[in-house]
Amino acid sequence: MDQLSVIVETGKLAVGVLLLLGGAYTWYRVRKQVRLVSKAIFGTPSLKEGLERQADILAETPKSVSGMTRLCLPQIESDFPEFHWAQWKQRCENLLKSYLAALERQDLSLLLEASEELKRQTAHEIDDQNRRGVRECYRQVKVHQTEISRYQKEAGLCVIKLQSAVEYYYEEKVAAGREASGRENGRKRKKKEAEPQGSVRQQHRYNMELVYIQDISKVGDYATVLGATCPNCGAPITRLGSKFCEYCGTGVIPIDIRVWKLHRIERE
C-alpha cells in the first residue's frame, strides 16, 4: 500500500509539473503574441505603454465634426439674405466659451447673447455642481472647428444646428478646494509645463442650436423650452412683447422673434 501511495503521489506530482510547464509555455506564447501585436499597432512591445501613447494622441487630436456647411448654407442664405455665416460662427464660438466660463465661475451674467432656455440650462448645471459639492474648471479653451450640421424649418421657426470641436484642460475641485479626478478621465499622466496643474487635457464635440422664431402660435413642442408659455400656469404667451401672463398675471420675459438666438449647448 505504501508503494502504491508513492506511485500515486509521484503521478500527481508529474501531472502538476506538466500542467505548470504547459501554463508557463502558454503564457510565454500569449505574451509574445501580445508584444508582437503591440509592436505592430503602437510601435512599442509594451501594451501598457502603447495604450498610454494612444490615449495621449487622442487627447491631442481634435474631434471631427459633422460638416454640412456647404450643403446647408446656400439654403440658409436664400431664406435669410442678411445671415452672415462668418459672423455667426464667431459669435457662437465666443458664446460657447462664455458658457464654459459661466459653468466655472457660476455666473450667468457671462451669457449676454444666450436665450433664456440656455440660461436655465446653465443654471441647472451649476446647481448640479453645488449638489455634488464640486467646481468644474475649464482652462485654455480652444475651438478648433465649427460647422453647420443641419438646417431645418419647422412650423413657426427655423433651426440651424452647429457642431464644434473643442479642447480644454478640465479639472473637478471639491468644495474644500482639494483636487478631484476628472469626470471622464482620472488617469494620471505626466504633465507638460504648459498644462495647468492638476487638470486633464480633453477633446470633445459640442452641439449647438440657433433658433429663429417666425410665428409663436405655431412653434408646437418648442413653446415650453423657448419660453412661449407662462412659467407659473403654463398658459401660452401669444402677444409679442408681453411682460405679464394674460391668465394669471405672472411676470414673463418678452419673447424675441425674428431674431437668431443660441438656444441650446450640449456636449456629445
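How many bridges join strand 2 to strand 4? The count is 14, and the two strands run antiparallel. That pairing is a handy place to start on this model, which is a predicted one.

Now zoom out. The chain has six helices and five strands, and along the sequence they follow the pattern α-α-α-α-α-β-β-β-β-α-β. Among contacts between residues at least 6 apart in sequence, 65% join residues at least 24 apart. Buried residues make up 35% of the 268 in the chain. As for the surface, the chain exposes about 16,300 Å², with carbon and sulfur atoms supplying 53% of that.

Next comes the inside. In soluble globular proteins, nonpolar side chains tend to be buried together. Here the largest nonpolar core has 35 residues, and those with the most contacts inside it are Phe83, Tyr99, Ile160, Leu210 and Trp260. Two or more residues each come from helix 3 (69-79), helix 4 (85-105), helix 5 (116-132), strand 1 (134-154), strand 2 (157-174), strand 4 (200-213) and strand 5 (260-267). Helix 4 gives the largest share, nine residues.

Leaving aside residues up to four places away in sequence, Ile160 touches Ile76, Phe83, Ile148, Arg150, Tyr151, Met208, Glu209, Leu210 and Trp260.

What about the cysteines? A disulfide is a covalent bond between the sulfur atoms of two cysteines. With a cut-off of 2.5 Å between sulfur atoms, the count here comes to zero disulfides. Cys92 counts as buried because its relative accessible area is 1%, and Cys137 is buried too, at 5%.

Finally, take a look at Glu154, which lies in strand 1. Glu154 and Ile213 sit 59 residues apart in sequence, while their C-alpha atoms are 9.8 Å apart in space.

Definitions and conventions: Residues numbered from 1 in each chain as written. Predicted model: local features only at pLDDT ≥ 70, side-chain atom pairs only at ≥ 80, totals over all residues. Heavy atoms only, no water. Core = buried A, V, L, I, M, F, W, Y, C linked by side-chain atoms within 4.5 Å. Buried < 20%, exposed > 50% of the residue type's maximum accessible area, 1.4 Å probe, protein only. Helix = DSSP H or I, 4+ residues; strand = E, 2+ residues; numbered from the N terminus. Contact = heavy atoms within 4.5 Å. Areas by Shrake-Rupley, 256 points an atom, 1.4 Å probe, with all protein chains shown as cover. Pairing = 2+ DSSP bridges.
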